[in-house]
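Hello,

Here is the structure I promised to hand over. Please open it first, then read my notes below.

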Amino acid sequence: MDDDNTMPELAAVRDQWVGVEFDWTTFEMSAENMVAWAKACGETDPRFIDPSHHDFQAHPGFTTHCMSGRVFPKEFPQIGGGFGIDGGKRVEVRAPIRSGDTLTATTTIADIFEKTGRSGTMIFIVQRMEFRNEAKDLVSTVDWKMIKKAE
Amino acid sequence: MSAITRFEDLEIGDDLPGESPDVSMPRVTAFCHAAKHVFERFIDHEAARREGFAAAIVPGIMSQGLLASMIHRWAPGCEILEIDTVFRGSLLVDSEITMTGAVTDTDDDALIAELDLAIVAEDGRTGVIGTARVQFEQ
């Protein structure tokens, strides 16, 4: 159930900030890191651990380690308590990421909402990074759910 | 259940073979270097305890990667279209964790399976839950 005391403020923050782009960063994809990541995750499929494989590509969640330059937009209001915790990641794989690709990531606030459970009311802020290769193809979308306790 | 090579062999309710992946300190440290996430809470038990954890913890994004690898072993050649994980609790480095998965839905026209996923810690707590959509070859 939503908390009536915080909803109006949160609704205003949502209206103002959801969909706003606030960071643009580039990342170089190296075969060495792609292989090391996949092997550390216990991967055995040669598509992900053998750079000589004809379909060599990054592991599905490889872009989750790419951090935007800012966590929040400039002038984003302080909502909830503290910095928050990492509530999880959702990855959409749109196309293979190849060794040598330079990816450009655009970061937006994708959603802001709250939920109430045993731990009280928590605020969820979803930061979305969309990664495009040099051909401008969307290759990966990562949603990062930050959870903060409502004050 | 053994590896799935054909979509036709799938049934809703099928379980993926459970796995206990390697989350030893050397393996987690290797991941942290590949991810450029070299933080003490992941690679140093004592430092993690000073931060209030029971021991060093497995990075959330590594737990997602472990689940992806399990899916690739279960369905060789498949493509993971989407994987969504919720980090509910800490998984400790140098502990025994167990990954499970099950088929919850199928799209027979698109050859896509939907999965529920989970990782359970050594003490029985559920550390990660999630879902995935997996594309099979035509």
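**Helix H1 of chain B**

In helix H1 (residues 25-35) of chain B, the buried residues are Met25(B), Val28(B), Phe31(B), Cys32(B), Ala34(B) and Ala35(B). Please keep in mind that this is a predicted model.

What do the buried residues of H1(B) pack against? In chain A, they meet helix H2 (31-40). In chain B, they meet H2, helix H3 (45-50) and H4. Just after H1(B) comes Lys36(B), which takes a positive phi of about 55°.

**Chain B as a whole**

Chain B has 4 helices and 4 strands. From the N terminus on, its elements run α-α-α-α-β-β-β-β. The C-alpha trace of chain B spans about 50 × 30 × 20 Å along its principal axes. Of the 138 residues in chain B, 49% are buried. Take the contacts in chain B with a separation of 6 or more: 63% of them come from residues 24 or more positions apart.

**The sheet**

Both chains contribute here. An open sheet is formed by 9 strands, and the pairing is antiparallel. The order is E1(A)-E3(A)-E4(A)-E5(A)-E2(A)-E1(B)-E4(B)-E3(B)-E2(B). Which strands sit at the edges? They are strand E1 (21-28) of chain A and strand E2 (98-107) of chain B, and each pairs on one side only. From one strand to the next, the twist averages 25°.

H4(B) lies across several of these strands. They are E2 of chain A together with E1, E2, strand E3 (112-120) and E4 of chain B. The helix runs at about 140° to E1(B).

**Strand pairs in chain A**

Now for the pairings one by one.

- E3(A) and E4(A) pair in the antiparallel sense over 13 bridges. Thr104(A) has Arg132(A) in E4(A) as its bridge partner.
- E4(A) and E5(A) are also antiparallel, with 11 bridges. Here Gln127(A) stands opposite Trp144(A) in E5(A).
- E4(A) and E5(A) form a hairpin, with 5 residues between them. Lys136(A) in the turn has a positive phi of about 70°.
- E2(A) and E5(A) run antiparallel and are joined by 9 bridges. Glu92(A) stands opposite Thr141(A) in E5(A).

Why is E5(A) largely enclosed by the rest of the structure? Of its 12 residues, 11 are buried, so the strand is largely enclosed.

**The cavity**

How many cavities of 30 Å³ or more does the structure hold? It holds 1. The largest cavity has a volume of about 70 Å³. Its lining is Thr63(A), Thr64(A), Cys66(A), Met67(A), Lys89(A), Gln127(A), Met129(A), Val142(A) and Trp144(A). E4 and E5 of chain A are the elements that give two or more residues to this lining. By type, the lining residues are 5 nonpolar, 3 polar and 1 charged.

The largest pocket has a volume of about 1200 Å³. It is lined by 41 residues, and those closest to its centre are Ile85(A), Asp86(A), Gly87(A), Lys145(A) and Phe87(B). Which elements give two or more residues to its lining? From chain A, they are strand E2 (81-93), strand E3 (102-117), strand E4 (120-132) and strand E5 (138-149). From chain B, they are helix H2 (40-43), helix H4 (60-74), strand E1 (79-87) and strand E4 (126-135). E2(A) gives the most, with 6 residues. The lining divides into 21 nonpolar, 13 polar and 7 charged residues.

The second largest pocket holds about 240 Å³ of space. There are 20 residues in its lining, and Gln57(A), Val93(A), Pro96(A), Glu79(B) and Ile80(B) lie nearest its centre. The elements that give two or more residues are helix H3 (46-49) and E5 of chain A together with E1 of chain B. E1(B) gives the most, with 3 residues. By type, this lining has 11 nonpolar, 5 polar and 4 charged residues.

Over to you.

Notes: Residues are numbered from 1 along each chain as its sequence is written. Chains are lettered from A and ligands numbered from 1 in the order in which they are written. This is a predicted model: local features need pLDDT of at least 70, side-chain atom pairs count only at pLDDT 80 or more; totals for chains, interfaces and linings use all residues. Side-chain values use heavy atoms; hydrogens and water are left out. On a 1 Å grid over the protein atoms alone, a cavity is a set of points where a 1.4 Å probe fits but cannot get out, and a pocket is an open set with protein on both sides within 12 Å along at least five of seven lines; lining residues have an atom within 4 Å of a point. Grid points are joined across faces, edges and corners, and a volume is the space filled by probe spheres set on the points. Ala, Val, Leu, Ile, Met, Phe, Trp, Tyr, Cys and Pro count as nonpolar, Asp, Glu, Lys and Arg as charged, and the others, Gly among them, as polar. Two strands pair if DSSP finds at least two bridges between them. Axes are lines fitted to C-alpha atoms, for helices over the stretch in contact, and angles run from 0 to 180 degrees between N-to-C directions. Contact means heavy atoms within 4.5 Å. Buried means under 20% relative accessible area, exposed over 50%, partly exposed in between (1.4 Å probe, protein chains only).
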